[in-house]
Amino acid sequence: MTGEPGYGFPRPLFAGLTRLRPPGPLFRPTLWRSPLRGPWLTSVFAVILLAGLPVVIVTGLLSYLAYQPQYAGNAFPADVHGLRLPYFAWPTHPAWLYRLSQGLHVALGLALVPVVLGKLWSVIPKLFAWPPVRSIAQLLERMSLALLVGSILFELATGVLNIQYDYVFGFDFYTAHYYGAWVFIAAFVIHVGMKFPTMRRSLRSRRLRDELRTPLAETRPEPLDEHGLVAVEPAAPTLSRRGLLAVVGGASLTVTAVTLGQTVGWRPSALLAARGQSYGDGPTDFQVNRTARTAGIVPADTGADWRLTVVGASTVELSRADLLAMPQHTARLPIACVEGWSTVQTWTGVRLRDLVALAGVDRLDHGIVGSLEKNGSFRRAVLNPGQLRDADALLALKVNGADLSPDHGYPARVIVPAMPGVHNTKWVSRLELKEA
Ligand SMILES: Nc1nc2c(c(=O)[nH]1)N[C@H]1C(S)=C(S)[C@@H](COP(=O)(O)O)O[C@H]1N2
Ligand SMILES: [Mo]
């Protein structure tokens with residue numbers, strides 16, 4: 001969408017702008033000499049992103065909904081006013097729902113990083129095109145591109161930093177990643193809308209199969225294009241087009257290979273994962289994000305004096321022995337963290353619905369789980385009625401047949417099918433049940 005040069009601008013202004021080109025090589029089209037750049041190559045990256053990014057977007061929005069932001073006090077801030085999707089009660093079935101959707105969000109998001117970088121490399125000459133704008137239409141297009149590129153880099157950077165526990169930024173991850181997502185979604189829709197015909201046309205200009213058979217010696221530039229992607233003075237190729245695609249594809253596969261382990265909970269392949277550590281080799285050897293020590297939980301808090309307070313129509317105080325004397329239920333359920341890792345374990349404890357009944361609550365609206373943990377952002381979680389009533393939703397006392405370890409939330413932790421990991425509160429001390 002370049003438009004006619006100068007269209008929409010007063011001619012003298014356009015001519016003046018053209019003459020004002022900054023000195024140095026950066027803004028000269030002859031600087032960019034790779035013979036691989038061209039509309040076909042850019043469109044190959046584009047079509048991969050067009051297939052993958054919508055999945056990342058949809059699973060990201062699902063994660064936001066799974067956090068149940070309609071309840072104030074949940075990990076996702078409820079104050080993202082104006083930009084909220086229609087809330088619904090996040091289901092408990094299938095139990096692997098959040099594990100799959102969040103695993104996809106993180107794994108695919110990471111796998112697409114090399115493709116995004118490849119695509120940005122392929123269009124970089126346009127960043128330094130002079131004059132910077134040739135028409136009003138192009139000015140608008142470039143503004144939308146700035147938002148597109150800025151927001152995807154922001155989303156990738158905040159996402160990657162979050163899974164590496166690196167909260168270097170001084171803002172709330174959820175709020176930032178969520179607002180950034182909407183900027184990206186808007187810019188992405190505009191961009192696809194504008195570029196789809198060009199992409200289709202460019203993809204038809206060469207055949208992938210032929211490209212994959214073309215060695216370095218026969219690699220030629222694409223024909224000069226109206227978009228200015230093809231180098232006007234191309235250098236001799238040092239890499240074939242198939243070589244470049246192999247580098248990008250290989251990088252994607254490598255990222256996937258070294259991170260998928262943490263997504264599916266298989267440690268040997270979680271090489272690069274921040275979650276690859278071992279936690280002993282007994283029944284409680286599985287991922288711990290936040291240890292009892294970091295959470296400030298001391299043995300005195302969780303000893304014989306510990307009580308679970310259940311508040312409903314009546315208030316009940318239960319010791320661990322009282323809980324163990326109630327009917328016990330065992331379920332194999334995943335913990336699936338927003339960061340993409342997950343782990344499936346066998347949990348045993350009291351059904352949350354038995355605690356609801358004990359407190360004499362029938363017209364249940366929601367339940368607030370409180371933790372002993374005083375100074376964390378995970379002190380409480382709000383559960384919807386379906387989550388409190390599911391037959392497999394537990395206040396777990398044991399895991400894999402052994403008592404919970406201090407790091408896994410001893411004396412008791414919540415574990416609910418399909419719920420984001422963050423709401424599976426550890427070191428539970430209180431369950432407050434609210435009537436409708
Ligand atoms: N009290 C408390 N409960 C908590 C957490 C926490 O930090 N404190 N971490 C949550 C998160 S983010 C996840 S993914 C799961 C599993 O965390 P873990 O690996 O630290 O056990 O527990 C959740 N429950
Ligand atoms: Mo988490």
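Good morning, colleagues. Please note at the outset that what we are looking at is a predicted model. The chain has 436 residues, and 48% of them are buried. Its secondary structure comes to 12 helices and 10 strands. Of the contacts with a separation of 6 or more, 71% are between residues 24 or more positions apart.

Let me turn to the aromatic residues. A pair of aromatic rings is described by two quantities, the distance of the centres and the angle of the planes. How many aromatic pairs does the count come to? The count is 12 aromatic pairs. One of them is formed by Phe88 and Trp90, with 6.0 Å centre to centre and 25° between the planes, and this pair is stacked. The two partners can also be described by their accessibility. Phe88 counts as partly exposed, at 36% relative accessibility, whereas Trp90 is buried at 3%.

A second pair is that of Phe286 and Trp347. Their ring centres are 5.7 Å apart and their planes stand at 85°, so this pair is edge-to-face; the cut-off for that class is an angle over 60 degrees. Which parts of the chain does this pair tie together? Phe286 lies in the loop between α8 (241-264) and α9 (299-302), and Trp347 lies in strand β4 (residues 342-351), so the pair ties together parts that are 61 residues apart in sequence. Phe286 is buried, with 2% relative accessibility, and Trp347 is buried as well, with 0%.

Two further aromatic features deserve mention. Tyr64, Tyr87, Tyr178, Tyr179 and Trp182 form one aromatic cluster.

I now move to helix α2, which covers residues 39-66. This helix has 28 residues and reaches 39 Å from its first C-alpha to its last, close to the 40 Å expected at 1.5 Å a residue. Where in α2 does the kink lie? The kink, of about 30°, lies at Leu50, shortly before the proline Pro54. Just after α2 comes Gln68, which takes a positive phi of about 55°.

My last topic is the hairpin. Strand β1 (residues 308-311) and strand β2 run antiparallel and are joined by four bridges. The hairpin between β1 and β2 passes through three residues. Within this pairing, Thr309 has Glu317 in β2 as its bridge partner.

Strand β2 itself covers residues 315-318, and its side chains alternate.

Finally, consider Leu308, which has its place in strand β1. Leu308 is buried, with a relative accessible area of 0%. Its C-alpha atom is separated by 5.0 Å from that of Leu318, 10 residues apart along the chain. Leaving aside neighbours within four places in sequence, the contacts of Leu308 include Val316, Glu317 and Leu318. Also among them are Leu323, Leu355, Leu395 and Val428, together with Ser429, Arg430 and Leu431.

Thank you for your attention.

Key: Residues are numbered from 1 along each chain as its sequence is written. Chains are lettered from A and ligands numbered from 1 in the order in which they are written. This is a predicted model: local features need pLDDT of at least 70, side-chain atom pairs count only at pLDDT 80 or more; totals for chains, interfaces and linings use all residues. Side-chain values use heavy atoms; hydrogens and water are left out. Rings of Phe, Tyr and Trp (its six-membered ring) pair if their centres lie within 6.5 Å; planes under 30 degrees apart count as stacked, over 60 as edge-to-face and the rest as tilted. Buried means under 20% relative accessible area, exposed over 50%, partly exposed in between (1.4 Å probe, protein chains only). Helices (H or I, at least four residues) and strands (E, at least two) are DSSP runs, numbered from the N terminus. The expected span of a helix is 1.5 Å times one less than its number of residues. The bend at a residue is the angle between axes fitted to the seven residues ending there and the seven starting there. Two strands pair if DSSP finds at least two bridges between them. Contact means heavy atoms within 4.5 Å.
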